[in-house]
Amino acid sequence: MLVGAVVALVAVFAARLGSRLGLPALLIFLFLGMAMGNAGLGIPFSDADLAHGLGFAALVLILAEGGFTTKWANIRPAIGLAGMLATVGIGVSIVLMALFGHFLLHLPWPIAVLLGAVTAPTDSAAVFAVLRGVPLPTRVKATLEAESGLNDAPTVLLVAAASELALGHAPEHGYGWVLLEVLYELGGGIALGLLLGAVGVWVLRRIALPSSGLYPLAAMSWAIATYGIGVWAHLSGFAAVYVCAVVLGNGKLPHRHATRSFAEGIGWIAQIGLFVMLGLLADPGRIGWRAVATGIAAGLFLTLVARPASVVASTSWFRMPWPDQAFLSWAGLRGAVPIILATVPLSARVPNADLLFDVVLVFVIVFTSLQAPTLPWVGRRLGLTDPNGASDVDIEAAPLDKISADLLQIRIPEGSHLSGVRVRELRMPRNAVVSLVIREGNSFAPHGESRLRSGDELLIVTPGALRVEVERRLTEIGRGGRLARWNDGLD
């Protein structure tokens, strides 16, 4: 317990250092694991089977956290494009990387195909650890977020199939059947996530639990159970858990903000444990010049050729401007997922799987360190960042069991256009009342001429039937100012 707590505290404080340097915290966690392993403190760990199992468990929690913190209103316009990137884009990337790996890197065909499959998916945790707070267009952010949530599912299935092929186990019904099976499991996982997510929203909105802390626990457990049901039903559990978490996170659940905060905490725990473990599994003394050279060459080809080609192939149907395409190409960071996927052939005892793991490790470290710090600069150079962009308000809701009403807790962040608006200018529905304003630790009952400020917290009581309208009105003004409705501020 002492060692675990110390490692967690060191990782938490190291995450602050990573954010100041513009690096995803996952690299800091990975180096921490390496420092604890054979090359440092000498803690032994070489169990590929355990690493594979724990890695998949951590990925489930990371995907659930990504789903809970995803705003459907933001990703809805980009869901078609993200779906293309997660399917067509993945296919293009795998083919190009496999050809490059075999003919130019002189890797055996099984390892070349595995290299393409393992490095195909992007990592949301790596991207948004850097982009958090950078005012990019909603469509670009939403595309990256939805893509990284959806592309894990097909690549997991493809890596498993490629590992079987590398062991000489040809598919019984041919290669076309493998593709159909992947599409079936992916589609079935999405459908299962939608169904169980909707059921979860219905249940959690109608049950009054004795403690507010039980709502986040129930929501997270429901999403994880969806993954288990998906695996049991031979569907994509990864797709199921992500989609279910998106539905739950956008389902107007009681204590929604607390649920998202809880999910973020669980996601951080999963990332810390995952990368410390992968750092322990890595053996720097085993990584030779071949692995370093191959990792750098593969990373250059993926970053400069395969990723842009997959973006162009996927976005050509959507008339996306070229600056957006260029940013999507550069922002395709690889983080947790490729290293986790590299444990699949390692656990299956595929020949040369240790070389593949080392190559992927080098590739992730080098190119995440290169790309991540430059993402804000690239966004500015491409003219995508908006320094005047407004931040959305945070809205928390708690049900009032005795009456048909909700208590909303709203925090006005820096950059919100709610700052400077008078209470009477909110023009909320009848019987929805701003009952209290908390400012700098002091609270007061506002009147119509009270002017709101950044950092204020508002307590609003509203009839349950008008809650959605109140939230929509506050979001409109937060984005477009007091004249948002007349200026179509929400659009």
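## The second largest pocket

Helix α9 makes the greatest contribution to the lining of the second largest pocket, namely seven residues. Helices here are DSSP runs of H or I with at least four residues, numbered from the N terminus. This is a predicted model, in which local features need pLDDT of at least 70, side-chain atom pairs count only at pLDDT 80 or more, and totals for chains, interfaces and linings use all residues. Residues are numbered from 1 along each chain as its sequence is written, and side-chain values use heavy atoms, with hydrogens and water left out.

The volume of the second largest pocket is about 510 Å³. Of its 25 lining residues, V156, L157, A160, E185 and L235 are the closest to the centre. A pocket is an open set of points on a 1 Å grid over the protein atoms alone where a 1.4 Å probe fits, with protein on both sides within 12 Å along at least five of seven lines; lining residues have an atom within 4 Å of a point. The volume is the space filled by probe spheres set on the points, which are joined across faces, edges and corners. At least two lining residues each come from α3, α9, α10 (175-206), α11 (214-232), α12 (237-249) and α16.

## Helix α16

Helix α16 comprises twelve residues, 336-347. Twelve of the twelve are buried, so α16 is largely enclosed by the rest of the structure. Buried means under 20% relative accessible area, with a 1.4 Å probe and protein chains only. Among the elements that cover these residues are α2 (25-36), α3 (48-68), α6 (109-118) and α17 (353-371). Just after α16, R349 adopts a positive phi of about 65°.

## Residue V344

V344 lies in helix α16 and counts as buried because its relative accessibility is 13%. Leaving out residues up to four places away in sequence, V344 touches H52, F56, V159, A160 and S163; contact means heavy atoms within 4.5 Å. V344 and G53 are 291 residues apart in sequence, and their C-alpha atoms are 9.3 Å apart in space.

## The nonpolar cores

The largest nonpolar core has 95 residues, of which F68, L115, F238, L274, F275 and I339 touch the most other members. Helix α17 gives the most to this core, with eleven residues. A nonpolar core is a set of buried Ala, Val, Leu, Ile, Met, Phe, Trp, Tyr and Cys residues joined through side-chain atoms within 4.5 Å.

Technical notes:
Expected span 1.5 Å × (residues − 1). Buried < 20%, exposed > 50% of the residue type's maximum accessible area, 1.4 Å probe, protein only.
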